[in-house]
Amino acid sequence: MRNVWLIAQREYLQRVRARTFRIVTAIGFVLVLALAFTPSIMDSLDTVTGGSTIAVVDPGKDISPTLRAALPAELPNGDPRTKIVSVGSREAAERGVEGGEYAGVLIPENQRGTSPSFVYRSPRPGFEAEDLREALGGIVAERRLAEEGLDPGEIAGVLGPPDLNVVATGDAPTGEEYASRFGVVYAFGFVLYLGLIMYGNMVAMGVIAEKSTRITELMTAAVKPTEQMTGKLLGVGLLSLTQFGIWALAGLISLLLGRLRGGEGLELLAVPPATLLLFLFFFALGFLLYASIFAGLGSLLSRVEDAQALMAPFTMLLLTGFVLTIIAMGEPDSAVARIGSLIPFFTPMVMFARIELGDPAIWEVILGITALTATTAAAIWAASKLYKKGVLMYGKGPTLLKAAKLLK
Amino acid sequence: MTLVVDGISKRFGETVAVDGVGFEVPRGAIFGLLGANGAGKTTTVRVVLDIVRPDAGSVSWSGASAAGLPRRVFGYLPEERGLYPDMKVGEQLRFFARIRGLSRRDAGKGVETWLGRLGISRHAVRRLHELSKGNQQKVQFLAAVLHEPEVLVLDEPFSGLDPVNNELLKEEILGLKERGTTILLSTHDMERAEELCEGVALVHASRLAFAGPLHALRRRHEDRTTLRLGYSGDKNHLLQKFPGVEVVSEWEEDLELSPGGVEPEEILKEAVSSGRVRRFETVEPSLREIFIREVGGA
């Protein structure tokens, strides 16, 4: 145990000081902070660029007030997204467009009869044209109904949306909660996938490097191979936790800053502690599963170039798991997601998404985690067996089949 | 207290690496494990250190199976560099000392003393790969001896060292021996082995060709003992007198003779009476010659 700790310590300290680790951690830190401020940054951006002003040639101010009321969308600062200005003459409006004051001019043409027409002139018609079309459609329909003799209450009844009351009957999050969780799960699922690949590879590369520099030989004269492997896994595992810890700190800081600023829009990215714990739990199991496989296979190699071929099937498994997770995020309780969450190689990612976004049965969760734990234990056992045999294997690496035969 | 290697055999797949190699090293002795490249030295060393389990045979130290002993008993300098290239020298040595069971304090003290002794204290804070090859080898040596092992296994320790450092390392090895360390020196550097070892084991093509004290090995090759004669006189007369004697080499007035069963004193007497003798000595075959004879002739 002492040796395991010494090795883990060395592993951790060497890697935590490495430049790449610092850079990746710093980038992640900045990214998390930036992400938290994205909504407010987007808002101010939207306030500056998102609004447009439309001139309506409307000397009698007949249509402007109605149009204004039919365009209720607001910018984050409370201004209307599409501002309506009534202008006395078309010439004045055109001048305003040339001067950049207005985005375009709305000219009512034939206003008699049941199908009035309008012209919208703009150097670059954009979203506002669509908004106008919709608003005018409503206004015209209202006018026609009024001409047919309906009173305002009846008109509202005809044009208003039907009353649909949505009732959630399961525990899965719905509506806004679902939307906010979706973002969190997406981010965590991605970090889970990247973390497993990155740290799994780190373990494999470390093992191969120790073999190619013949450190393994010196180490094996002093420490049992199993202890070497355990120490390595522990060291790299702690490293990953350090990184996640620093990123979580960034999340916390942004949350506090948000609160201090009277934070609107930050709610969306607030991570519930339970989610964080669940993430850490699945990461730990997933890391032990994949990293021990990578370590065991890495111990059979003495050149980094040979690693790709031997590990590719497991990297593919990880990728498949990630794709399944994305599917599971869309339909957390679909057959694909349910089956995926019970296959140990996919469980860490898919089950995480299902628990967060769906409503898996308790037996599914227990079965999934049990199968994952058992597979992880088997992987660690197999890896330490390979490690023992691999210590003095030099030259070209074996195939996966030959590696499996070594387990006998 | 003896290191006993008892008839060990090891094969890797079809290849027989070691076949029935055995020898004994008494405590405090320097014992040479000699052989050509690929003869089976490194495998023997690995079996002694329990890096590889033998298919047959065993290794014991003072009566106890070596595999069951705490790893602190052994020290090992592998043939190829086995250190972390990116790690600082001092930190690295402390790590290896602690892995071998030293406390943090003892490791720290040991590293400081030993770095000073080998004159590389100033490199303690540098990364290993920044050091010269010779200094790296010194660090590798320290990684083997810091924890004061009872049995020290050195696999080609002199490779890559200049003559000055060669001498320095030799002194350190002799110092360790004086302090009671039992040393197994695996090498094909016969001159070094001859200088340092009391006993040797000769491994050839995975098998043991000889194991025992160096003088016993020399006795086996007595027929290769020559006489060196600095002589001004009638060489032919001398050779006629002793028909068995042959000239091995000749350089100006120095002759190297193979006595061919004739007593050296007889030859000396005759030489003195028939000319002038400046020098006369019997020369035992060098370990190098013996080695080539054992290995080449087999």
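User: On what basis is the model described?

Analyst: This is a predicted model, in which local features need pLDDT of at least 70, side-chain atom pairs count only at pLDDT 80 or more, and totals for chains, interfaces and linings use all residues. Residues are numbered from 1 along each chain as its sequence is written, chains are lettered from A and ligands numbered from 1 in the order in which they are written, and side-chain values use heavy atoms, with hydrogens and water left out.

User: How are H7(A) and H10(A) oriented to each other, roughly parallel or roughly antiparallel?

Analyst: Helix H7 (residues 175-212) and helix H10 (residues 273-298) of chain A have axes that come within 8 Å and cross at roughly 25°. Axes are lines fitted to C-alpha atoms, for helices over the stretch in contact, with angles from 0 to 180 degrees between N-to-C directions; helices are DSSP runs (H or I, at least four residues) and strands likewise (E, at least two), numbered from the N terminus. Angles under 35 degrees count as roughly parallel, over 145 as roughly antiparallel, 65 to 115 as roughly perpendicular and the rest as oblique. H7(A) is therefore, relative to H10(A), roughly parallel.

User: Which residues of H13(A) meet H11(A)?

Analyst: The axes of helix H11 (residues 307-330) and helix H13 (residues 347-357) of chain A come within 8 Å and cross at roughly 15°. From H11(A), the residues in contact (heavy atoms within 4.5 Å) include A:Leu318, A:Phe322 and A:Met329. Their partners in H13(A) are A:Met349, A:Val350, A:Ala353, A:Arg354 and A:Leu357.

User: Is B:Glu156 buried or exposed?

Analyst: B:Glu156 sits in the loop between strand S7 (151-155) and helix H5 (163-178) of chain B. Its phi is near 50°, a positive value in a residue other than glycine. Most residues other than glycine have a negative phi. Buried means under 20% relative accessible area, exposed over 50% and partly exposed in between (1.4 Å probe, protein chains only); because its relative accessibility is 8%, B:Glu156 counts as buried.

User: What is the phi of B:Ala205?

Analyst: The loop between strand S9 (199-204) and strand S10 (207-213) of chain B holds B:Ala205. At 49% relative accessibility, B:Ala205 counts as partly exposed. Its phi is positive in a residue other than glycine, with a value near 45°.

User: How far apart in space are A:Leu13 and A:Leu239?

Analyst: A:Leu13 belongs to helix H1 (residues 2-16) of chain A. A:Leu13 and A:Leu239 are 226 residues apart in sequence, and their C-alpha to C-alpha separation is 8.7 Å.
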